[in-house]
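User: I have a two-chain model open and would like to learn how to read it. Can we take it feature by feature?

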Amino acid sequence: MAVSLREYRARIRSVESTKKITRAMELIAASRIIKAQQRAQSAAPYARELTRAVSAVATYSNVDHPLTTEPEESTRAAILVVTSDRGLAGAYSSSVIKEAEQLAEKLHAEGKEVDVYISGRKGVAYYSFRRREIADSWTGHSDQPTYAVAREIGEKLIAAFVKGAGNADQEELAAAEDVDVAPVQEVHVVYTRFVSMLTQEPHAVRLLPLEIVEGEEKPAEDEVLPLFEFEPGAEEVLDALLPKYVQSRIYFGLLQAAASELAARQKAMKSATDNAEELIKKYTRIANQARQAGITQEISEIVGGVNALADATAGSE
Amino acid sequence: MANTMNVALVAADRMLWSGEATVVNTRTLAGEIGIMANHTPLLSVLEPGQVDVRTVDDGHWVAAIDGGFISVANNQVSILCDNAEMSHESDFEEAKRKLDERLATEQAASGEGDED
C-alpha cells in the first residue's frame, strides 16, 4: 500500500508542475493579446486612410486597373492560409486549415487548380506531412507579424495575379516575370477573424481581383468625398495605391490572425490549467484513501496481533 | 477660415504624428510641393525623401519617408508611407539615418525568414 501512495504523490507533483507551465503560458498569451490588439489599433489609421484614398480614386476616375479587373476565365487560384507557428492553441490552426480545404474543394469543383501559400509553421507541417505541394511559405512571425512580412507576401501574390490575369501592361508584366511564381487568376486569403476574446472564426475572403468600396469603414452617408486632383495622374496614383491596399489587407489579416492565435492559446491553456487542478484534486483524494487504507490495515493487524497474543497467554494459564 | 490644417503622418504600423500645422513641404513624383491651409483636394504619390512640417506654435519637424502618398481634403492632410522616422530637432540627417537603420534591420529580419 505504501508504494502506491508514493506513486500517487509523484503523480500529483508532476501534474502540479504541468499546471505551473500551462498557467504561465496562459498569462503570457493574455499579456500578448493586449499587445496584439494595440498593434491592430495602431495599424488602423493607415488602413482607414488608404481605404478612403482608394475609394476616392475609384469614385472620381474611370481608370481600369489590372488588379480590379475580373479576368475573362479563371483556371487557377491561389489561397493564402494564415496559421500559427506553434501549437498549444487548441483547434486554432486545424480549423483555419479546414476552412482552407473547404475553399480549395469548392475551387476544384469549379474546375480551377489551386496553389497553396502558407504563413505559419503549423500549416507548412500539415501540407508537407501529407506530401502536398506548397507554392510558398513564410514562417516565424505568426504571433507578432510585421508590415515587412505583409509586404513580401503581398508582392508575391500580386506578381502571381498580374502574370495570370493577362491584362496588365508591359511594364508591370516585366516586373512580375522577375518573381518566381505560378500565374493565377484569383487570390484568396483564409485567416481567423478575431471577434472577441471568446470567439474567433476562420474566414475566407477573395483578395484579388479587388473589390473596392467594401472598405472596413465606409465614409458616412452625408460626407461627400471631395473632388481630388491627382498628381501625376489618376492612373499613376492608382498604380501605386492598389498594391499598398492589398498589402494593408494582408497585414490586417495577419494581425487578426495573431490576436486570434493568442486568444485561442489563452483559452486552451486555461482549460489545461483547469484540467490539471481537477487531476490534482482527484489524485489527492485517491492518495488520502490509500493512506487511510494503510493505517486501517496497520491497526487491524496490531489489534489482531494483540488478540492472538492474549488468546495464547489465556490458553497457557 | 482657419489658417491651420490637421496633419497626420502615418506609417503602416503606427501613427507617428498628428496635430495642427501651417505648412507642409515635401516632394511628389511631379516635383516639390508646399501645402498650406485650405489647399485644394489632392491625392499624390510621394518620392522617398523628406517631409517638412511647420506646426502652429512655430514648431518645426522633419521626417524621412520611404515613399508613399499624400492626401489632402477638407484641411486634413494625411501622409501615408510604409516606413518613416521623424526628428523633432528638424534634423533631416538624423531622421534619415534612423530610417536607414530601420530598413536595414527589416531587411536582415526578412533575410532570416527566407532561410527557414
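User: What percentage of the residues of chain B count as buried?

Analyst: Count neighbours. A residue is buried if 20 or more other C-beta atoms lie within 10 Å of its own. In this predicted model, 33% of the 116 residues of chain B pass that test.

User: How many helices and strands does chain B have?

Analyst: Chain B has nine strands and one helix. Read along the sequence, the pattern is β-β-β-β-β-β-β-β-β-α.

User: What share of the contacts in chain B comes from residues 24 or more positions apart?

Analyst: Start with contacts that have a separation of 6 or more. In chain B, 52% of these join residues 24 or more positions apart.

User: Now chain A. In what order do the strands of the open sheet lie?

Analyst: Sheet order follows pairing, and two strands pair if at least two bridges link them. The open sheet in chain A has five strands in the order 3-2-1-4-5, and the pairing is mixed. Strand 3 (136-138) and strand 5 (200-208) of chain A are the edges, each pairing on one side only. On average, neighbouring strands are turned by 20° against each other, direction ignored.

User: Do strand 1 and strand 4 of chain A pair in the parallel or antiparallel sense?

Analyst: Parallel. Strand 1 (residues 76-82) and strand 4 (residues 186-194) of chain A share five bridges. For a landmark, find Ala77(A), which stands opposite Glu186(A) in strand 4.

User: Which strands of chain A does helix 3 touch?

Analyst: Helix 3 (residues 121-129) of chain A packs on the sheet and touches strand 1, strand 2 (113-119) and strand 3. Its direction makes about 140° with that of strand 2. Helix 4 (residues 147-165) of chain A lies across strands 1, 2, 3, 4 and 5, at about 170° to strand 1.

User: How many residues does each chain bring to the contact?

Analyst: Chain A gives 32 residues and chain B gives 28. On the chain A side, helix 1 (2-60), helix 4, strand 6 (229-231) and helix 6 (234-316) each supply at least two residues. Helix 1 of chain A gives the most, with ten. By class, the chain A side has 20 nonpolar, five polar and seven charged residues.

User: Which strand of chain B pairs with strand 6 of chain A?

Analyst: Strand 4 (residues 42-46) of chain B does, in the parallel sense over three bridges. To find the place, look for Glu231(A), which stands opposite Ser44(B).

Methods. Residues numbered from 1 in each chain as written. Chains lettered and ligands numbered in written order. Predicted model: local features only at pLDDT ≥ 70, side-chain atom pairs only at ≥ 80, totals over all residues. Helix = DSSP H or I, 4+ residues; strand = E, 2+ residues; numbered from the N terminus. Axes fitted to C-alpha atoms, helices over the stretch in contact; angles between N-to-C directions. Contact = placed C-beta atoms within 7 Å. Nonpolar A, V, L, I, M, F, W, Y, C, P; charged D, E, K, R; others polar. Buried ≥ 20, exposed ≤ 12 C-beta atoms within 10 Å, placed from the backbone.
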